[in-house]
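Open the model in your viewer and follow the stops below in order. Each stop says what to select and what is found there.

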Amino acid sequence: MKMIVAPMLRIFFRPWMEGAENIPDEGPAIIASNHLSFSDSFFLPALMKRRVTFIAKAEYFNTPGLKGKLTAAFFKGVGQLPVDRSGVRGAGEAAIRSAIAVIDRGELFGVYPEGTRSPDGKLYRGKVGGLARVALQTGAPVIPVAMIDTEKVQPPGQVIPSFGIRPGIRIGRPLDFSRYQGMENDRFILRSVTDEVMYEIMRLSGQEYVDIYATAAKRQIAEEKKRADAERRAEQRAERAAEKEKQAAEKAEAAEAAEREAARQESGEKEPGDS
């Protein structure tokens, strides 16, 4: 599947890549990337010189319809692992065990530390847990990666990608966290590791950093949109009410004028200027 998709992406989008030399030719590593678009899940694993195994949400593998089948076929073809993220703890312990198994096989494991796609192109706080714990438990280096302009290729909610835009992948130098090995149960250390990775991604991507989780940002944006929609509907109702009042006033004025004209004609009153 990768042998089919990668040439097509190169032909239609001409993506560029910087820092490919930072991906080791062999041995385990963790690829930590920002997440701007659904298309990241195609460009990143398809264009890497080595196979990268991501933990993908189960919906990508069981969505009905032609698009769902094609998506599932691609993810299976490039070795992505389905995980049910509907639980309280998200990917959970099962996902972490799967990631460690990938590292133990000497392969590349990919993760989006933000946990979800950015709703507005900004870089959000990395989630403590999966990335840092896997790095500290395995000793694998973390390679920061920045996806560039993929949100322009396929903005949130857009099904068909936009052509004529060249997305890019910028790969940073590996980060070594061996100094923290054995401290994977210290939440402050996990936060420190995660923040260091996010800083490098921010430096590579040039994104504005927002120190809240992307999920919280999505809720805020949804609430703001809901409020804006409610205000717009209220304004529209007020405008319709004002228009009705105006029409009623015009109608009443016309009726009064008609009554006066009828009364004038009935009394034989002449208009000024009549002879």
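Select helix H1 (2-13), helix H2 (40-47) and helix H4 (65-77): each of them supplies at least two residues to the lining of the second largest pocket. H1 gives the most, with 6 residues. The model is a predicted one. The space in this pocket comes to about 680 Å³. Its lining has 22 residues, and to find the centre, select Met8, Leu9, Phe42, Leu70 and Pro161, which are the closest to it. Colour the lining by class and you get 18 nonpolar, 3 polar and 1 charged residues.

Next, go to the largest nonpolar core, which has 30 residues. Select Ile30, Phe109, Val142, Phe177 and Val197, the residues with the most contacts inside this core. Strand E2 (29-33), helix H5 (92-104), strand E5 (108-111), helix H6 (130-138) and helix H8 (187-205) are the elements that give two or more residues to the core. Another core, of 28 residues, lies apart from it; Leu9, Ile23, Ile31 and Leu47 are among its members.

Stay with phenylalanine 177 for a moment. Leaving out residues up to four places away in sequence, phenylalanine 177 touches Leu136, Val142, Val193, Glu196 and Val197.

The last stop is alanine 222, in helix H9 (residues 214-267). Is alanine 222 buried, partly exposed or exposed? Its relative accessibility is 45%, so alanine 222 counts as partly exposed.

Key:
Residues are numbered from 1 along each chain as its sequence is written. This is a predicted model: local features need pLDDT of at least 70, side-chain atom pairs count only at pLDDT 80 or more; totals for chains, interfaces and linings use all residues. Side-chain values use heavy atoms; hydrogens and water are left out. On a 1 Å grid over the protein atoms alone, a cavity is a set of points where a 1.4 Å probe fits but cannot get out, and a pocket is an open set with protein on both sides within 12 Å along at least five of seven lines; lining residues have an atom within 4 Å of a point. Grid points are joined across faces, edges and corners, and a volume is the space filled by probe spheres set on the points. Helices (H or I, at least four residues) and strands (E, at least two) are DSSP runs, numbered from the N terminus. Ala, Val, Leu, Ile, Met, Phe, Trp, Tyr, Cys and Pro count as nonpolar, Asp, Glu, Lys and Arg as charged, and the others, Gly among them, as polar. Buried means under 20% relative accessible area, exposed over 50%, partly exposed in between (1.4 Å probe, protein chains only). A nonpolar core is a set of buried Ala, Val, Leu, Ile, Met, Phe, Trp, Tyr and Cys residues joined through side-chain atoms within 4.5 Å. Contact means heavy atoms within 4.5 Å.
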